Amino acid sequence: MDNGLLMQEAIKARTKAYTPYSHFGVGAALLDSEGHVHHGCNIENAAYTPGNCAERTAMFSAIAGGHKPRSFKAMAIVGDTEGPIAPCGVCRQVMYELCEPDMKVILGNLKGDLLETTVAELLPWAFGPSDLNSAKK
Ligand SMILES: O=c1ccn([C@H]2C[C@H](O)[C@@H](CO)O2)c(=O)[nH]1
Ligand SMILES: [Zn+2]
């Protein structure tokens with residue numbers, strides 16, 4: 001599936017966002033190893049902090065659906081931003097855990113700007129699972 005098609009899925013996912021507080025909908029589309037696409041949208045909460053971003057919704061939904069961590073092929077993310085959307089730091093950390101460092105990430109906006117990057121580029125000098133090995137006795 002090409003970048004444009006996966007971005008179209010992210011735009012579809014965005015229509016499902018629940019954003020009564022920020023009114024800033026975000027959509028994510030995560031491509032699995034079998035070629036299926038998992039949608040994610042942001043889901044907000046009156047208590048604010050329980051809200052979840054589109055990117056994490058997509059990853060958690062795919063894993064709950066039985067897909068293995070780090071088996072994913074690509075993720076597209078879209079918001080109504082000036083340039084391609086910049087995922088938040090928490091989502092970058094979760095991507096680093098649940099996706100391979102060289103996995104493709106396509107960032108976009110509603111104007112059609114597209115930027116292709118990777119998980120590792122989004123989170124340089126990351127703290128990851130291997131850092132915990134040094135603590136194992
Ligand atoms: O990459 C991003 C950036 C923000 N948000 C959400 C969090 C919150 O619901 C709203 C405003 O920050 O957008 C995402 O889902 N993904
Ligand atoms: Zn986030």
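Y21 is found in the loop between α1 and β1. In this predicted model, Y21 counts as exposed because 11 C-beta neighbours lie inside 10 Å, and a residue with 12 or fewer is placed in that class. Once its neighbours within four places in sequence are left aside, Y21 is in contact with E44 and Y48. Y21 and V94, which are 73 residues apart in sequence, are separated by 24 Å from C-alpha to C-alpha. As for the confidence of the prediction, the protein has a mean pLDDT of 97, with 98% of its residues reaching 70 or more, while the complex is given an ipTM of 0.99 and a pTM of 0.97.

The surroundings of the ligand are considered next. There are 14 residues around ligand 1, and those that come nearest are S22, V26, N42, C53 and A54. By residue class, this shell is made up of 8 nonpolar, 4 polar and 2 charged residues.

E44, in contrast, is partly exposed, since 19 other C-beta atoms lie within 10 Å. When residues up to four places away in sequence are not counted, N42 touches A17, T19, G25, V26, G51, N52, C53 and A54, whereas E44, counted in the same way, touches Y18, T19, P20, Y21, S22 and G51.

A further annotation concerns helix α2. For "active site", UniProt lists E55 in an unreviewed entry, and the place of E55 is in helix α2. E55 counts as buried because 28 C-beta neighbours lie inside 10 Å. Apart from its neighbours within four places in sequence, E55 is in contact with A28, G40, M75, I77, P87, C91 and M95. The buried residues of α2 are A54, E55, R56, T57, A58, M59 and A62, and these buried residues pack against α1, β1, β2, β3 and α3. Just after α2, G66 takes a positive phi of about 105 degrees.

The largest nonpolar core contains 34 residues, of which A28, A29, L30, M75, A76 and I77 touch the most other members. At least two residues of this core are supplied by each of α1 (3–14), β1 (26–31), β2, α2, β3 (74–79), α3 (89–98), β4 (104–109) and α4 (119–122). For L30, the contacts beyond four places in sequence are V37, H38, G40, A58, M59, A62, F72 and M75. A58, M59 and A62, which are among these contacts of L30, also belong to the buried residues of α2.

Note on methods
Residues numbered from 1 in each chain as written. Chains lettered and ligands numbered in written order. Predicted model: local features only at pLDDT ≥ 70, side-chain atom pairs only at ≥ 80, totals over all residues. Near = placed C-beta within 6 Å. Nonpolar A, V, L, I, M, F, W, Y, C, P; charged D, E, K, R; others polar. Contact = placed C-beta atoms within 7 Å. Buried ≥ 20, exposed ≤ 12 C-beta atoms within 10 Å, placed from the backbone. Core = buried A, V, L, I, M, F, W, Y, C linked by C-beta atoms within 7 Å. Helix = DSSP H or I, 4+ residues; strand = E, 2+ residues; numbered from the N terminus. UniProt positions renumbered as here; feature names shortened; annotations may be inferred. pLDDT = per-residue confidence, 0-100.
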